There are 2 protein chains.
Amino acid sequence: MNKVITIAREFGSGGRELGRKLAEGLGYDYYDKEVLKAIVDKTEYSMEYVENVVHGKSHVLFPINVEQSFDPVYDELVMEKRKVIEAQNDVIKEMATKSNCIIVGRCADYILKDVPEIELFRIFVYSDFESKVKRTLARAHEGENLTEKEVEKQIKRINKDRAAFYNDATSLNWGDKENYDMMINVTKQDTDKLVQELVGFFK
Amino acid sequence: MNKVITIAREFGSGGRELGRKLAEGLGYDYYDKEVLKAIVDKTEYSMEYVENVVHGKSHVLFPINVEQSFDPVYDELVMEKRKVIEAQNDVIKEMATKSNCIIVGRCADYILKDVPEIELFRIFVYSDFESKVKRTLARAHEGENLTEKEVEKQIKRINKDRAAFYNDATSLNWGDKENYDMMINVTKQDTDKLVQELVGFFK
């Protein structure tokens with residue numbers, strides 16, 4: 001039975017790095033941006049459109065809580081969004097049933113939770129706000145020159161988007177402990193040490 | 001530096017069994033009821049009184065949110081409760097600085113979080129409500145004959161008491177992910193397998 005670890009993570013926590021290194025340590029396949037590429041391959045949509053939908057920015061354009069409207073243009077936009085979500089579900093299930101792997105983000109915990117052919121372990125990675133700010137500032141691309149205030153805003157906005165997308169797609173609350181098998185607070189953890197410990201856990 | 005693992009756990013989740021077996025697996029000392037015995041030894045109070053205070057039942061008698069009253073009898077009761085809490089803090093710090101150990105319950109995560117001489121790891125163990133009911137029913141003492149409805153009530157009541165005591169003693173919320181380094185959902189986990197995995201994590 002394939003072992004599949006899903007990693008949901010707060011922006012700024014370093015969950016992506018943790019996932020990548022853990023996949024290396026365990027010798028598992030690793031999927032992150034690859035999910036989006038596979039959605040683009042599967043649908044007729046551009047990467048930009050797919051990214052807009054799966055990063056939750058589409059909420060600004062068409063609030064999904066209005067299920068049906070009397071506006072055919074609006075309804076078509078909702079239907080197209082649904083197509084992206086369905087392609088995402090298919091892509092993630094295909095990845096999970098192909099080999100042992102780690103999948104970062106994309107509501108993979110929810111999408112895979114009732115797939116019988118895999119051994120699923122759902123992780124949520126989080127950290128204190130202060131630690132998220134520090135990490136994001138340290139990792140800003142050269143030339144970005146964001147102030148601390150701007151970084152704080154960015155963290156709040158992206159995590160709000162992630163929550164909104166997850167809640168919308170799953171009807172559950174992003175970060176609620178019931179949705180995960182393990183939640184890891186990385187605030188005081190050294191990433192490499194934690195990866196080593198988690199390799200010990202999963203091996 | 002001593003390694004200290006604190007385990008807070010929902011009633012019915014099996015966190016105590018997990019803690020005991022993990023201590024065995026790691027070769028750590030294990031403290032659970034021992035904390036109460038040590039409080040009794042340290043103070044002039046009876047086990048019954050200490051249990052009443054630390055199990056949060058005292059809230060019924062004297063709501064702690066009213067910090068000062070004009071009733072000297074009430075104030076004295078609050079002061080006596082404080083003495084038990086202080087004794088608990090001392091006892092837990094003594095245990096933590098003595099040897100590698102696991103301490104179950106008793107707000108130990110909070111009490112130890114700023115102790116410099118130890119390497120602290122704070123775990124919260126939880127499970128779905130249905131799984132808590134099943135486990136509690138299966139482990140009821142012979143002759144208890146509790147109905148499922150009664151067990152459900154018991155679980156809710158005890159977990160409410162635990163939360164109230166923690167929130168009162170720490171001004172934090174029991175079970176909030178920020179207060180722990182790792183939260184483990186044991187709903188679908190086999191205890192012995194999980195213990196083995198955690199031994200791999202900590203070794």
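This is a predicted model: local features need pLDDT of at least 70, side-chain atom pairs count only at pLDDT 80 or more; totals for chains, interfaces and linings use all residues.
Start with the overall tally. The contact set is even in number, with 22 residues of chain A touching 22 residues of chain B. Put together, the two chains bury about 1,800 Å² between them, and 51% of that sits on carbon and sulfur atoms. On the chain A side, the biggest losses of area to chain B fall on Y126(A), K177(A) and F201(A), which together account for 30% of what that side buries.

On the polar side of things, nine residue pairs are in polar contact across the interface of chain A and chain B, both partners being at pLDDT 80 or more. The elements of chain A that put two or more residues into the side touching chain B are strand 4 (118-126), strand 5 (182-185) and helix 9 (191-202). Helix 9 of chain A gives the largest share, six residues. Sorted by type, the chain A side comes out as ten nonpolar, four polar and eight charged residues.

Some of that charge is paired up: two salt bridges turn up across the interface of chain A and chain B. In a salt bridge between the chains, the side chain of K193(A) meets that of E119(B), with N to O at 3.8 Å.

Strand 5 of chain A runs antiparallel to strand 5 (residues 182-185) of chain B, and three bridges join the two. Within this pairing, I184(A) stands opposite M182(B) of strand 5 of chain B.

Technical notes:
Residues are numbered from 1 along each chain as its sequence is written. Chains are lettered from A and ligands numbered from 1 in the order in which they are written. Side-chain values use heavy atoms; hydrogens and water are left out. Contact means heavy atoms within 4.5 Å. Buried area is the accessible area (1.4 Å probe) that two parts lose on being put together, summed over both. A salt bridge is a side-chain nitrogen of Lys or Arg within 4 Å of a carboxyl oxygen of Asp or Glu. A polar contact is a pair of N or O atoms within 3.5 Å; within protein, one must be able to donate a hydrogen and the other to accept it, and residues adjacent in sequence count only if both atoms are side-chain atoms. Helices (H or I, at least four residues) and strands (E, at least two) are DSSP runs, numbered from the N terminus. Ala, Val, Leu, Ile, Met, Phe, Trp, Tyr, Cys and Pro count as nonpolar, Asp, Glu, Lys and Arg as charged, and the others, Gly among them, as polar. Two strands pair if DSSP finds at least two bridges between them.
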